[in-house]
Structure formats: structure tokens, C-alpha cells
Amino acid sequence: DLSDVQSYSGYGAEVLAAADGTVVATLDALPEQRPPTLPEPLTIDIDNVLGNHVILDLGNDVFVLYAHLQPGSVVVQPGERVRRGQGLSKLGNTGNTSAPHLHLHLMAGSTLGSNGLPYRIDAFELAGQIPPIEP
């Protein structure tokens, strides 16, 4: 059932810190969006576009954003120091999104308008692929 967030394989997966850092911002009060459609454009603004999220300060003006998190699942608070691999939250479908996924964004600054930064993923496991939809 594409309209049920529980149907998506990644939904509820633990979101882990990519690096050591300090929590500078969190939001954990927005409700899930109903997939597979985006929310009404007039309901999205700068305060809710990311959905529930965590922002870490990694030092040297480098920050990492984890967005679209499950409501009620953020387990860290601003000012808290976290270690790489530590649990931060669970994957959800909040904010400007049409299906559960993690928006991971490295940036030069702690706000949404900050410039993105390149990064390298040192390892991953391919769990599967979604086949293309034929027109």
C-alpha cells in the first residue's frame, strides 16, 4: 500500500551520526506526510520544509543535516555531543517529501540556505532497487 508509510522498507530505520559533532538544532513535532504525494505547496514554509530534523556542528564551519525524520523519534538535544555511529532518530516522512527517505546534507553553515559541501561515503550496502515505472 503506497499510501501507508509502514509499507516502505526504510521507514523507521535508525538514523546514525555520520561523524562526531555537537547537536545545534532539532525539530521533532511535525506529523508524517501521507505518501506517495507531496504536501500542498501552500502548507510548506521555511519552518517545516525539512520536516523533523537534526543538525550537527562538525567543526570548522561544517554542519550535517538529517531531515524528514519520524515524529517523536529524535533522541538528542541541542548542545549534546554525539559520536559517529550514535543513534539520532528514525527515518520518517515529514516535511516536503512524498515517501520515507533520509535527506543527508553536508553544508557550510547551519541554515537551510547554506552552501552544500562534497563528501565521500566510505561504505554502504545495496539493499535493492525500485524498478522503473513504464509509461
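Modeller: The lining of the second largest pocket has 7 nonpolar and 4 polar residues, and no charged ones. In this predicted model, that lining is made up of Leu2, Ser7, Tyr8, Ser9, Gly10, Tyr11, Leu91, Pro100, Ala127, Gly128 and Ile130. The space inside the second largest pocket comes to about 290 Å³.

Now turn to the largest pocket, which holds about 830 Å³ of space. Its lining takes in 24 residues, and those nearest the centre are Leu16, Ala18, Leu104, Ile121 and Ala123. Here the lining divides into 17 nonpolar, 2 polar and 5 charged residues. At least two lining residues come from each of β1 (14-16), β4 and β7.

Let's follow β4 from there. On one hand, β4 pairs with β3 (residues 52-59) in the antiparallel sense, over 7 bridges. You can find one of these contacts by looking for asparagine 52, whose bridge partner in β4 is leucine 69. The hairpin of β3 and β4 has 2 residues between the strands, and asparagine 60 takes a positive phi near 55° there.

On the other hand, β4 is joined to β7 (residues 103-108) by 5 bridges, and these two strands also run antiparallel. To spot this pairing, look for leucine 65, which has histidine 105 in β7 as its bridge partner.

Definitions and conventions:
Residues are numbered from 1 along each chain as its sequence is written. This is a predicted model: local features need pLDDT of at least 70, side-chain atom pairs count only at pLDDT 80 or more; totals for chains, interfaces and linings use all residues. Side-chain values use heavy atoms; hydrogens and water are left out. Two strands pair if DSSP finds at least two bridges between them. Helices (H or I, at least four residues) and strands (E, at least two) are DSSP runs, numbered from the N terminus. On a 1 Å grid over the protein atoms alone, a cavity is a set of points where a 1.4 Å probe fits but cannot get out, and a pocket is an open set with protein on both sides within 12 Å along at least five of seven lines; lining residues have an atom within 4 Å of a point. Grid points are joined across faces, edges and corners, and a volume is the space filled by probe spheres set on the points. Ala, Val, Leu, Ile, Met, Phe, Trp, Tyr, Cys and Pro count as nonpolar, Asp, Glu, Lys and Arg as charged, and the others, Gly among them, as polar.
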